[in-house]
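Please consult the sequence and the structure shown below.

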Amino acid sequence: MKRAISFLLIAIFLLLAGCGTPSAQEQFFTMDTVMSITVNGKGAAEAAAARQEVEGLNALLSRTDGDSLISRLNAHAGDGTAVEVDSDILELLSFAKSISQLLPGCFDITIAPVMDAWGFTGEERHVPDAADLARAMALVDSGKLLLDEEAGTARLAEAGMSVDLGSVAKGYAAARTEEVLREAGVTSALLDLGRNITAVGPKADGAPWRVGVADPADSSRYLCILSLEDATASTSGGYERWFEENGVRYHHIIDPKTGYPASSGLQSVTVVSQNHLLADALSTALFVAGEEEALDFWRSRDDFELVLCTEDGRVLATEGLEAGLEFRGEEQGYDCQMVRR
Amino acid sequence: MTVRWSAADRRRPTPGDLLVALLVAAAAVALLLGLGQEGGNFLTASVVLDGETIAQYDLAALTGPVTLEVEGAAYPLTIQAEPGRIRIAESSCPGQDCVHTGWASRAGQQIICLPNRLVISLEGRVSNEVDAVTS
């Protein structure tokens, strides 16, 4: 009996202690977005180290920071200079090129001149005139981003070409940050890198993290809630960065085939994968690709899952997400469906 | 009348002891739940400009509209709070993404003005059914 009471009291103590698991959070602006890193069960030092890692990567990968590696690569476009690049970044560039090959016309990190023509990188967003757009489109071709892995160099073959890593940098940062946290012994953390959400381990109480997928039509509501552990959920949609001109709305995800905002029948694409970098890149590429091509691509692989929100009011989730998924879209009038292989 | 509560008097716990332990446990759980329910609807909006909290509103306790002019921002803007919700009504920032976000009314929601490095975050205890939102 005495032992039973002891166990009971210990259990109560643990329950109470569990309610107050220490956590540290860092919130900061970098990579043209706001980020927050929450680390459970450890002090502030680990969260600060994670932040430093992301900020260090921004200093390397930013196109708007004149001293960055990517700025150096862009500055030497067309002049024949091969820019020295460390092996990790070469691998990142090579990965981005491979997505362009896997989904032709849907993804290209050399889209930067077109983004500039639309003013999405600067202060004044506007519809570019046809000649400007044509000039910019002629510079989009990641096949002309030449990587030499043996020499450890990269170069852009034509003057005016420019690389922008906006569609992969957050996923890359998530992977690197997870490494930093794991090496410090962290087993539970949540990375919100500009609404790309990475779950490192489960929550402090052992349950998976609950991640809402925002409704493109109403950011206070969710299409569904995902259960996430050791994975990233990355979303792309045209509903957050846009402008209107002559009554027409133009968003910031440019279709490399047309030079215009992608118009594939989708409102948003959420990719869930244990490969953080893949999740980031595919959310953009599959938003451009559209429903049919996105689902065909999903069927051809087994390393990611999808939530698609279509313009005609359907929410499609792929079957790998079924365990732990809660559809919420019905409340807003969406037709919610599970997609099977 | 003699009350025997001395441990020295009794070496073996009785079913009464278990009952006391269970009552303590029940009281602890009730206390936890009670704390969780305290201010059951509370919804707080924090306005953070470049890392510094410049305003906080208990949206559930507001009885009428409140306006905050943030003149000190790089691109001055106007924040409106009402019972249960908050938004950036006007901003002189170039993209207007923060204004396009509209009203925020749920715990976990954020309104962000990137050019101003301004974040409005909503926090609440009861309605916070997710740990993060992807968008």
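**Chain A: contacts and dimensions**

Among contacts in chain A between residues at least 6 apart in sequence, 60% join residues at least 24 apart; two residues are in contact if their C-beta atoms, placed from the backbone, lie within 7 Å. The model is predicted: local features need pLDDT of at least 70, side-chain atom pairs count only at pLDDT 80 or more, and totals for chains, interfaces and linings use all residues. Residues are numbered from 1 along each chain as its sequence is written, while chains are lettered from A and ligands numbered from 1 in the order in which they are written.

- The C-alpha trace of chain A spans about 85 × 50 × 35 Å along its principal axes.
- Of the 341 residues in chain A, 44% are buried (20 or more other C-beta atoms within 10 Å of the residue's own, C-beta atoms being placed from the backbone).
- Chain A contains nine helices and 17 strands (DSSP runs numbered from the N terminus: H or I of at least four residues for helices, E of at least two for strands).

**Chain B: strand β7**

- In strand β7(B), residues 118-124, five of the seven residues are buried.
- Strand β1(B), residues 43-49, runs antiparallel to β7(B) and is joined to it by seven bridges (strands pair if DSSP finds at least two bridges between them).
- Leu43(B) has Gly124(B) in β7(B) as its bridge partner.
- Strand β6(B), residues 110-113, is also antiparallel to β7(B), with four bridges, and Ile111(B) stands opposite Ile120(B).
- Four residues separate β6(B) and β7(B) in a hairpin, where Arg117(B) in the turn has a positive phi of about 50°.

Notes:
A residue is buried if 20 or more other C-beta atoms lie within 10 Å of its own, exposed if 12 or fewer, and partly exposed in between; C-beta atoms are placed from the backbone.
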